[in-house]
Amino acid sequence: MRAMILEKPGTPLRLIERPDPQPGPGQLQVKIAACGVCRTDLHVVDGDLTEPKLPIIPGHEIVGNVSALGVGVEGFGIGDRIGIPWLGHTCGRCSFCRSGAENLCDEPGFTGYQIDGGYADMTVADARYCFALGSDRSDAELAPLLCAGLIGYRSLVMAGDDSSRLGIYGFGAAAHIVAQVARYQQRELYAFTSPGDATAQRFALELGAAWAGGSDQPAPVELDAAIIFAPVGPLVPAALRAVRKGGVVVCGGIHMSDIPSFPYSILWGERVLRSVANLTRQDAIDFLELAPKVPVQTRIEEFPLQQANQALQALRDSKLTGAAVLSPC
Ligand SMILES: [Zn+2]
Ligand SMILES: [Zn+2]
C-alpha cells in the first residue's frame, strides 16, 4: 500500500510504501477510493492536537470498498462501498459508553489520530464503526459527509429543533453541508464568513442563506442559535451577542484559539454555550439516512493522494470553496 504519513507534527507528510494491512478479527480491509481533508487533520499535522500515535496516517473521511473480511465480521461483504469516520473505537464499558454518549468515551480511538486513517490507498478498520454508503453519489462526493457532514449534523441537532433563525460562523466544508440540511428543514440561514471573503459569502447565498456577511458585522436579525465552525475564539462572544434570550451557541470544532473574556450579560438570559465532541454511531446512522433525502450535494476539490500537503495548505490558507478530497490513483 501507499500512504502519506506524518512522522512529526509540524513537518510535511511523506509518501511511503509498506505491506498491505491484513484485517484482524472483526476488521474490514478496505481499498480506499477517496478521503476527505478535514480541519482536524490540519490540527493533527500542525500539532494543535497533542495525542497522535506517531507515525500516523491522517484522514477520517474515508470512502472505499471492502476487499477482505476478518474473522467474525458480520453485515458486510466483499466489494461493499463503505464509509469510515473519525470514531474508530470505544471501550463499551465506561459510564459514557453505557449511557449512549460513546462520543465522550474515556478510552476512545480516533481514525487518523490514534488509528491509521485514509491518506492511503488501503486501510483496515473495525467493522462495528463502518457504515454502508448508498450508490447515489461518487466516492469523492460522499467523503466529506463522513466528518464535515456527521459532526456538522450533530452540531445542528445541538442547536435545537426550534432554532429557525440559525447563524453559521465559518463557511467551509461542514457549513456548506449543514446549510443544505438547515434549508431542507426550512430554517432561515445567516452565514458569517471571514471579513471580506466575498467568495464564501456568494457560496452561502447560492446554498440558500437569507444573508451572508463578515463576522465583524452584526447579525441583521436576532438569531435563535448559532454554530461556530471556524477555530476562532473571538467568535464566541460575537455569537453570544447575536442570539436571543434562551438561544444556543454551539462550538463545532475540535480546537479553537482562546476565547477572550466577555461580560456576563451576553450569556445571561439563559443563553447556552456548548461544544460538540466527536460523534456517536447513531449520529452516523441518522445523518446518512437523511443526506440523500435533502439531497446533500457536496462541493469538492480533488487532489491526488501524493498532493496531500498541498491540499492541507489550501485549507490552512482558506483557499478552498467546499471540501478537499484526496484520491489515490
Ligand atoms: Zn467508553
Ligand atoms: Zn473531521
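The entries below go from the domains to the core, and then to single helices, strands and residues.

Entry 1, domains. I note at the outset that this is a predicted model. I looked up how the chain is divided, and found domain 1 (2–144 + 298–327) and domain 2 (149–275). Taken over C-alpha atoms, the centres of domain 1 and domain 2 are separated by 27 Å. For the contact between them I read 13 residues of domain 1 against twelve residues of domain 2. On the side of domain 1 that touches domain 2, helix H1 (residues 39–46) supplies the largest share, three residues. Sorted by class, that side of domain 1 holds four nonpolar, six polar and three charged residues.

I then turned to the largest nonpolar core, which has 102 residues, and for which Tyr119, Ile168, Val178, Ala226, Ile228, Ala239 and Val325 are the residues with the most contacts inside it. Helix H5 (residues 173–184) gives the most to this core, namely eight residues. I also checked which domains take part, and at least three residues of the core come from each of domain 1 and domain 2. For Val178 I looked up the contacts beyond its neighbours within four places in sequence, and they are Gly152, Ser155, Leu156, Ile168 and Ile227.

Is Ala323 buried or exposed? I counted 29 C-beta neighbours inside 10 Å, and because the cut-off for a buried residue is 20 or more, Ala323 counts as buried. Ala323 lies in strand S17 (residues 323–327). Leaving aside neighbours within four places in sequence, I found Ala323 in contact with Gly36, Pro144, Ala148, Ala173, Thr298, Arg299 and Ile300. I also recorded that Ala323 and Gly172, 151 residues apart in sequence, are 7.1 Å apart in space from C-alpha to C-alpha.

I followed an open sheet of six strands, whose order is S12-S11-S10-S13-S14-S15 with parallel pairing. Which strands stand at its edges? They are strand S12 (211–214) and strand S15 (272–275), each with a single partner strand, so one side of each is left without a neighbour in the sheet. Neighbouring strands of this sheet are turned by 20° against each other on average, direction ignored.

Lastly I looked up strand S5 (residues 81–84), which is joined by four bridges to strand S4 (residues 62–69) in an antiparallel run. Opposite Asn65 I found Arg81 of S5. S5 is also joined to strand S9 (residues 131–132) by two bridges, again antiparallel, and there the bridge partner of Gly83 is Phe131 in S9.

Terms used:
Residues numbered from 1 in each chain as written. Chains lettered and ligands numbered in written order. Predicted model: local features only at pLDDT ≥ 70, side-chain atom pairs only at ≥ 80, totals over all residues. Core = buried A, V, L, I, M, F, W, Y, C linked by C-beta atoms within 7 Å. Buried ≥ 20, exposed ≤ 12 C-beta atoms within 10 Å, placed from the backbone. Domains from an automatic or database assignment. Contact = placed C-beta atoms within 7 Å. Nonpolar A, V, L, I, M, F, W, Y, C, P; charged D, E, K, R; others polar. Pairing = 2+ DSSP bridges. Axes fitted to C-alpha atoms, helices over the stretch in contact; angles between N-to-C directions.
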